[in-house]
Amino acid sequence: MTEHPVFIPTSAGPLGAIVTEPTGPERVAVVIVEPSADFRFGVNQLWARTARDLADLGAVVLRADHVGRGESATATPEAPDPGESLREATEWFRSRTADLDGVYVGHCLGAQIAAGLARADERPAGLAMLTPQLRPMRGAPVERRLRDLYLALRLHRLRAAMGVSIPRRLAYPRLARDEDEGLVGAVVEVAGRASVYCLFGDHDPQAGEAWRLRSPSGDDGNVRVEIVPGVNLHHFRSLSAQRESRSRVVGWVGRLLEERDRSPDPRASSSTQGAG
Amino acid sequence: MRGWEGVATWANGALRREVFSFPSGGRRLFGSLYAPAAAAPPWGVVLCPSWGIEFQELLQPSHAFARQVVDAGGACLLYHPPGHGDSGGGLEDVSMGDLDAAATDAVQAAEARLPVCRWVAAGIRLGARAAIHAAGAFDSDTVVLIQPALRVDRFFEEMRSRTRRARLAAPLPGGDDGEEEESFGFPLPAPTDASQRSEIELRPGAGWTVGLVSHGQPDPVGEASVDPVVVPGRWRAGQDHAPLFEGALAWLRRSAS
């Protein structure tokens, strides 16, 4: 494993980032996204260590500080959306890893950015969201938003199974209102092409909502939701939260790669199978 | 080759940045250099950071400080100690000796990049200890201590108290079930660890010039000649620490002129 500190040129200025490269064959490209108030290495090096573990699996991993933050302090934010410069940094990274599938890992508000990056990727293999903030759909109560998301995911599977094409705005009328800016729309879209993994601790405020994303079978096709008992994962302010998050994300990517390797057509596998 | 090399520097008309790794005790540590773009600076400062949650809390103002040092005509090297940030090693395996040695290696890395520069070690909180160690290793007679925490045992007791306050007096996580104690997600060294005993304490020697920046009147620091910069208010974790860095910059400017 080798770590390369780099400056990535963006329209806002240079983003300071670390690219972690495996010693052996490169199998997948991973982008890790923290919320803009945090640093790229995570609490107690959570993301630095996760990147090293992923590199041991054959991942090339990008971790960048948000514009104006940490090693990106020289960059000047020009717009309130910190995801824009990160999108440019990801384009830079993916232009150098275009031969690899892309996996995106995001935490809290970083999950929202990661979902947008996964949606824009031409070769997405997976999206992992840790304690994501579900952005409210305009004017809709929480319960209806979650029910709509659940129904949309089921509809998506039905549509894929039947091979029929339904215009998105007919199939997901409520979700479509918010699909360009919300996490929900991005998740639905990414789930159509790649595995989506959601991780919560059962002490997280969002955990109650997370259960409602799951189907009765506990696994909804390309979307898998896990809730870790007895821990608050949000912001990883405990060693147990860090251990659980790191091992589960690395395990999920490992299973993703194993499933792809087992498939005779790796591209088809990475876009249709959920990593259980 | 995917082109990761060769993109570790950046410059505009006023500022040159370089990020790199350097060896320390078998680990690779992360270094980040701020320097003027046009000419070699006559002086520079290596900022030795604090530990754990304080490392993270003080990182953003440290970058602002580094930029201000360049505006004042100097250079600044920030680094991540072992077990912190993007550097190698886990905090659970890092000793006080590792942190001290890292500061010395950071000064060496700074000198390798800008050899004409007169480098001064500065340390904030627990990093003050490492700065004294680095200055001694390089026969420097000048060091800048920012709100120094020179007694290791007192520093970690403070970390424990702060953690208990944040948990509304609940026991520290891991402390009662035989697991390692932790503070805001960082593993605390055991109180019985030899490196935490009160006698493990570094002091600058006689004849040194010490820029001592602190809230309120500073405690004595050995026999050194202390040039204090008193910053209004008192040290409180999590507050805006910019005034401390401004005090350090004022001292460095004065010292360089």
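How much area do chain A and chain B bury between them, and what part of it lies on carbon and sulfur atoms? In this predicted model, the two chains bury about 3100 Å² between them, and 53% of that area is on carbon and sulfur atoms. The contact draws on 40 residues from chain A and 41 residues from chain B.

Of its 276 residues, 59% count as buried. Among the contacts in chain A with a separation of 6 or more, 71% are between residues 24 or more positions apart. The accessible surface of chain A amounts to about 10600 Å², with 53% belonging to carbon and sulfur atoms.

The polar side of the interface can be considered next. Between chain A and chain B there are 23 residue pairs in polar contact, counting pairs with both residues at pLDDT 80 or more. On the side of chain A that touches chain B, the elements giving two or more residues are β1 (2–10), β2 (13–21), α1 (46–56), β4 (59–64), α2 (83–96) and α9 (239–262). The largest share, five residues, comes from β1(A). By class, this side of chain A has 17 nonpolar, 10 polar and 13 charged residues.

Charged residues lead on to the salt bridges. Side chains of opposite charge can pair when their charged atoms come close. Over all chains, a search of the whole structure finds 31 salt bridges, and six salt bridges are found across the interface of chain A and chain B. One salt bridge is formed by the side chains of A:Glu26 and B:Arg2, at 2.5 Å from N to O.

Which residue of chain A forms a salt bridge with B:Asp86? The partner is A:Arg40, and the closest N and O atoms are 2.7 Å apart. This pair joins two chains, because B:Asp86 lies in the loop between β5 (75–80) and α3 (96–113) of chain B, whereas A:Arg40 lies in the loop between β3 (28–33) and α1 of chain A. Both B:Asp86 and A:Arg40 are buried. These two residues also belong to a network of salt bridges that links them with A:Glu3, A:Arg52 and A:Arg63.

Another salt bridge brings together the side chains of A:Glu71 and B:Arg17, at 2.7 Å from N to O. The pair crosses between chains, with A:Glu71 in the loop between β4 and α2 of chain A and B:Arg17 in strand β2 (residues 15–24) of chain B. A:Glu71 and B:Arg17 are both buried.

A salt bridge with both partners in chain B is the one between B:Arg164 and B:Glu157, at 3.7 Å from N to O. Here B:Arg164 is partly exposed, with a relative accessible area of 31%, and B:Glu157 is partly exposed at 38%.

Although A:Asn44 is not a glycine, it has a positive phi of about 50°. A:Asn44 is placed in the loop between β3 and α1 of chain A, and it counts as buried at 3% relative accessibility. In chain B, B:Phe184 has a positive phi of about 55° and is likewise not a glycine. B:Phe184 is found in the loop between β8 (182–183) and β9 (186–187) of chain B. Its relative accessible area is 16%, so B:Phe184 is buried.

How values were computed. Residues numbered from 1 in each chain as written. Chains lettered and ligands numbered in written order. Predicted model: local features only at pLDDT ≥ 70, side-chain atom pairs only at ≥ 80, totals over all residues. Heavy atoms only, no water. Buried < 20%, exposed > 50% of the residue type's maximum accessible area, 1.4 Å probe, protein only. Contact = heavy atoms within 4.5 Å. Areas by Shrake-Rupley, 256 points an atom, 1.4 Å probe, with all protein chains shown as cover. Buried area = accessible area lost by both parts, 1.4 Å probe. Salt bridge = Lys/Arg side-chain N within 4 Å of Asp/Glu carboxyl O. Polar contact = N/O pair within 3.5 Å; in protein donor to acceptor, adjacent residues only side chain to side chain. Helix = DSSP H or I, 4+ residues; strand = E, 2+ residues; numbered from the N terminus. Nonpolar A, V, L, I, M, F, W, Y, C, P; charged D, E, K, R; others polar.
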